[in-house]
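Please look over the chain below before reading the briefing.

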Amino acid sequence: MGEIGIPRHEFLYELTWWEINSIIRGYRKRNRLTHQLLAEIVYTTTYTMRDPKGKTVEDMFSALFKEDNDEDYESPITDDEAAELQANIRAMNEAVKSK
């Protein structure tokens, strides 16, 4: 059976942290239009049910309309924290193997 996307083993063990982040950001960007259309639907529903008080779709869902710049990206963890987590994972894997 063919795999969809990236094979599990490659994603978990062969890719580096920055590659994984790039892939996830790419998946999120792929769905941007869908999310913007859903925001338009929510706004339209809000508009028909009550007065939006001068708000626009972009005011309500500003994060959806903001452009992602790779230069602005800041990693949620440092390289030292990533190395520490990898060491913990290796230790846990060894503990499981020894049982």
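This is a predicted model: local features need pLDDT of at least 70, side-chain atom pairs count only at pLDDT 80 or more; totals for chains, interfaces and linings use all residues.

Residues are numbered from 1 along each chain as its sequence is written, and side-chain values use heavy atoms, with hydrogens and water left out.

**Overall fold**
- The chain has 6 helices and 0 strands, where helices (H or I, at least four residues) and strands (E, at least two) are DSSP runs numbered from the N terminus.
- Of the 99 residues in the chain, 12% are buried, that is, under 20% relative accessible area with a 1.4 Å probe, protein chains only.

**Helix α2**
- Helix α2 covers residues 17–30 and has 14 residues.
- From first C-alpha to last, α2 reaches 20 Å, close to the 20 Å expected at 1.5 Å a residue (1.5 Å times one less than its number of residues).
- The buried residues of α2 are Ile-20, Asn-21 and Arg-25.
- Seen down the axis of α2, these residues fall within an arc of 130° (taken from the directions from the helix axis to the C-beta atoms), so they line one face of the helix.
- An α-helix has 3.6 residues a turn, so residues three or four places apart point the same way.

**Largest pocket**
- The lining of the largest pocket draws at least two residues from each of α1, α2 and α6 (79–98).
- Helix α6 gives the most to this lining, with 6 residues.

Terms used. Buried means under 20% relative accessible area, exposed over 50%, partly exposed in between (1.4 Å probe, protein chains only).
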